[in-house]
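My notes follow in the order in which I took them.

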Amino acid sequence: MNLYKYVSESINAKLGFVANLEIPRNRAFGDFSTNAAMVMAKDAKKNPRELANEILPKLRELDFISDVSVAGPGFINIKLKDDFIWHAANQPHNAKSEKPKKIDLDYGGYNVGKALHIGHLRTSIVGDTFNRIAKYLGHTTKSYNHIGDWGRPMGLIIAWILEYGMPKNADELNKIYPASTARAKNDEEWMSRAKQITAELQAGNPEYRKIYDDFMKISLAQMDTVLHRLNLLPFDATMGERGVAPYVADTQKILGNRGLLVESDGAMVVNVKTDDDTAPMPPLMFRTSSDTQTYAAADLSAIYYRTKTDNPDIIGYFTDSRQNLHFQQVFRVAKMAGITNAELFHTGFGTLTGADGKPFKTRDGNVAELLEILDMVNDAVRTRVADAGKELDNETISSIALAAVKFNDLLHDVRSDYVFDPNQITSFEGRTGPYILYTAVRLNSVLKRAGDTSDTITSTLTTDERNLLIETLDFERTVQSAFDNRATDMIANYAYDLCQLANTFYHNCPILRDDVDAATRVQRLNITRIARDTLSTAIDLMGLKIPDEM
């Protein structure tokens, strides 16, 4: 049950007024509060506190309310009945949307011929989690890995291979682009050759296509290795710039028919600046002066393709915030040209920094590769476990390391930068992934030792029992809010708050101790089961794995 929605709608129907329902920071004041009387007072020409006292009898008529009271200048505090909380919490979560939508999601965006690095971490984790959230809510999603596979880097790689031969593995392939780029900086002829190869590749040169297809296999296999390590859902389509290239001509025709394309120094651009713009808004470049496809052309053509093929209601992108301007331009042109009627959104995220506040790099000063980061965190977990005198198998170590990396990323507002510290994120205490997993393992352990439970309430609920159950009843609202606000951090923070309450309940409410009577034990085991099931669902939405022991 979406407790917030149920209580809010019931109160609004009773009062005939849309009241603002809030969750008090201190649950001692009540389970919910509303400022309805303060909002209604002006029209009613009454003192807010006086009006609040007149509203109380109406609210007491609702069968799920145990008590109501007035506080401060006219706030109304509401306490729910224990049996209502109990029975509501025992119902399975059902957060399915009443109006499911078709959603195309674009994240990953890995580059062919390059190792996935730390800059790809957030797009992978945030995009995958949002995909899971959307699916959980009943929406139909299609995830695209819009790989960089058709621009000048391909020309630079092919030029190198023509001179030095095909790489045998990913490690050799990953060295080619940096080496070729460095050479191009000081060798104009080499850069000119790379540009020419790029243009001929895009025009269909069979020799270059053969080389391209061969190193593409190596690069895609490398991507799959990282996706598996990060426990991401498989992409529904790995389709980048090359995949949408056949649709560039159609997109260009649409722009031309609308009179949007103009020539500028040999390039084809679209002016997107409006009179309302206060910040710089340069034109979108559709084709370069050397007549090659641009990133903007690829993204516009992808929107054209997805609209034509999938006909989605929403198209969403998850990339580095440095691409904010790019997507503003692309979205404007897509709407100006009538390419799509879908809602378009871009979630731009901040960067990972080291403790010094600078972009996180390895000890040798290079950009950290994703596999390197995962190995680094694995080592930190292994050291921490050994220092604690424990022995855990490799699979459990990997699960803890995965949770450390992914939870730490999801915990922060997606738009903000955050510090990446392997030692801090692997702690078993505080706002960390290992703490979340430890709580889940603890709850599972209690239930395994206890066996079957029933769902009958045997007594009134203690404060800790009530707080934990009410938090589980806030799960559906949280998931919906995370979707509506494109805010995956809401899931991570909810999981942490739930774990805090679950551990407080565990410490203050004995369950399997000999002096606990049978009826109380059954009730508390059921609360444990409800908390475990809710936490497990939140953990799954984040793409984490719960180990058997920790």
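**Entry 1: Phe 360**

I started in the loop between strand E13 (352-353) and H14, where Phe 360 has its place. Helices (H or I, at least four residues) and strands (E, at least two) are DSSP runs, numbered from the N terminus. The model is predicted, so local features need pLDDT of at least 70 and side-chain atom pairs count only at pLDDT 80 or more, while totals for chains, interfaces and linings use all residues. Residues are numbered from 1 along each chain as its sequence is written, and side-chain values use heavy atoms, with hydrogens and water left out.

Is Phe 360 buried or exposed? I read a relative accessible area of 12%, so Phe 360 is buried. The classes are buried under 20% relative accessible area, exposed over 50% and partly exposed in between, with a 1.4 Å probe and protein chains only.

Leaving out residues up to four places away in sequence, I found that Phe 360 touches Ile 118, Leu 352, Thr 353, Gly 354, Ala 368, Met 376 and Phe 420. Contact here means heavy atoms within 4.5 Å. I also noted a C-alpha separation of 8.2 Å between Phe 360 and Val 419, which are 59 residues apart along the chain.

**Entry 2: H14 against H15**

Two packed helices are described by the angle between their axes and the distance between the axes. For helix H14 (residues 370-387) and H15, I have an angle of about 115° and axes 9 Å apart. Axes are lines fitted to C-alpha atoms, for helices over the stretch in contact, and angles run from 0 to 180 degrees between N-to-C directions.

The crossing of H14 with H15 is right-handed. A crossing is left-handed if the near helix is turned anticlockwise from the far one by less than a right angle, and right-handed if clockwise.

From H14, the residues in the contact are Leu 374, Val 377, Asn 378, Val 381, Arg 382 and Val 385. They meet Asn 394, Ile 397, Ser 398, Ile 400, Ala 401, Ala 404 and Val 405 in H15. I sorted the residues of this contact of H14 with H15 into 9 nonpolar, 3 polar and 1 charged. In this scheme Ala, Val, Leu, Ile, Met, Phe, Trp, Tyr, Cys and Pro count as nonpolar, Asp, Glu, Lys and Arg as charged, and the others, Gly among them, as polar.

**Entry 3: H5 against H15**

Helix H15 (residues 394-411) also packs with helix H5 (residues 121-136), at an angle of about 80° and with the axes 10 Å apart. That makes H5 roughly perpendicular to H15. The cut-offs are under 35 degrees for roughly parallel, over 145 for roughly antiparallel, 65 to 115 for roughly perpendicular, and oblique for the rest.

Which residues of H5 meet H15? I listed Leu 121, Arg 122, Ile 125, Val 126, Asp 128 and Thr 129, which meet Val 405, Lys 406, Asp 409 and Leu 410 in H15. The contact of H5 with H15 divides into 5 nonpolar, 1 polar and 4 charged residues.

Helix H18 (residues 463-472) and helix H21 (residues 518-541) pack at about 30°, with their axes 10 Å apart. That makes H18 roughly parallel to H21. Their crossing is left-handed. H18 contributes Glu 465, Leu 468, Leu 469 and Thr 472, and H21 contributes Gln 523, Arg 524, Ile 527, Ile 530, Ala 531 and Thr 534. The residues of the contact of H18 with H21 divide into 5 nonpolar, 3 polar and 2 charged.

I then looked at Leu 501 in helix H20 (residues 489-508). Leu 501 counts as partly exposed, at 25% relative accessibility. Not counting residues up to four places away in sequence, Leu 501 touches Asn 467, Leu 468 and Glu 471.

**Entry 4: two positive phi values**

Lys 45 has phi near 55°, a positive value in a residue other than glycine. Lys 45 sits in the loop between helix H2 (36-44) and helix H3 (48-60) and is exposed, with a relative accessible area of 78%.

Phi of Asn 311 is near 50°, again positive in a residue other than glycine. I placed Asn 311 in the loop between helix H12 (295-309) and strand E11 (314-320). Asn 311 is exposed at 53% relative accessible area.

**Entry 5: whole chain**

I counted 21 helices and 14 strands in the chain. Of its 550 residues, 52% are buried.
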